Amino acid sequence: MTGTVQGVFYRATAYEVAVNLGVTGWVMNLSDGSVLIEAEGTDEQLNKLVEWSKRGPQFATVTDVEIIDGELKGFIDFQIRR
């Protein structure tokens, strides 16, 4: 995600959303000011996470969400990475 997505509780809220949806994976801030989420779940779960990601938490301003399909890694939970 790009835009105003750091310093607005994006990672913490993404964690809550992912856990509530039953999604596994992780979220982290990148040095360029963007946020990266790597997630696994059903199509429905992932679609809901993507839709939330386009809005983000209350004070975020999301300007772009890029989705890249990848190989399953078998995550067992969802984490905030630093």
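Residues 24 or more positions apart account for 68% of the contacts in the protein chain with a separation of 6 or more, where contact means heavy atoms within 4.5 Å. This is a predicted model, in which local features need pLDDT of at least 70 and side-chain atom pairs count only at pLDDT 80 or more, while totals for chains, interfaces and linings use all residues. Residues are numbered from 1 along each chain as its sequence is written, and side-chain values use heavy atoms, with hydrogens and water left out.

### The chain as a whole

The protein chain holds 2 helices and 5 strands, and from the N terminus on they follow the order β-α-β-β-α-β-β. The radius of gyration is 12 Å, close to the 12 Å that the globule rule gives for 82 residues, so the chain is as compact as a globular protein of that length. That radius is taken over C-alpha atoms, and the rule is 2.2 Å times the number of residues to the power 0.38. Helices (H or I, at least four residues) and strands (E, at least two) are DSSP runs, numbered from the N terminus.

Along its principal axes, the C-alpha trace spans about 30 × 25 × 20 Å. Of the 82 residues, 33% are buried; buried means under 20% relative accessible area, exposed over 50%, and partly exposed in between (1.4 Å probe, protein chains only). The accessible surface comes to about 5400 Å², and carbon and sulfur atoms make up 50% of that area. Accessible areas come from the Shrake-Rupley method with a 1.4 Å probe, and for residues only the protein chains shown count as cover.

### The two helices

Here are the helices side by side; the expected span is 1.5 Å times one less than the number of residues.

| Helix | Length | First to last C-alpha | Expected span |
|---|---|---|---|
| α1 | 12 residues | 16 Å | 16 Å |
| α2 | 13 residues | 19 Å | 18 Å |

Which residues of α1 are buried? They are Tyr-10, Thr-13, Ala-14, Val-17 and Ala-18. Seen down the axis, these fall within an arc of 135°, so they line one face of α1. The arc is that of the directions from the helix axis to the C-beta atoms. As a reminder, an α-helix has 3.6 residues a turn, so residues three or four places apart point the same way. The cover over this face of α1 includes β2, β3, α2, β4 and β5. Just after α1, Gly-22 takes a positive phi of about 85°.

In α2, the buried residues are Gln-45, Leu-49, Trp-52 and Ser-53. They cover an arc of only 105° around the axis, which puts them on the same side of α2. Asp-43, Glu-44 and Arg-55 are exposed on the other side. Among the elements covering the buried residues of α2 are α1, β3 and β4.

### Two loop residues to look at

Ser-34 sits in the loop between β2 (24-29) and β3 (35-40). Ser-34 is buried, with a relative accessible area of 7%. Not counting residues up to four places away in sequence, Ser-34 touches Met-1, Thr-2, Val-5, Gln-6, Met-28 and Asn-29. The side chains of Ser-34 and Asp-32 are joined by a polar contact of 2.6 Å. A polar contact is a pair of N or O atoms within 3.5 Å; within protein, one must be able to donate a hydrogen and the other to accept it, and residues adjacent in sequence count only if both atoms are side-chain atoms.

Phe-75 lies in the loop between β4 and β5. Leaving aside neighbours within four places in sequence, Phe-75 is in contact with Thr-24, Gly-25, Trp-26, Glu-38 and Glu-40.
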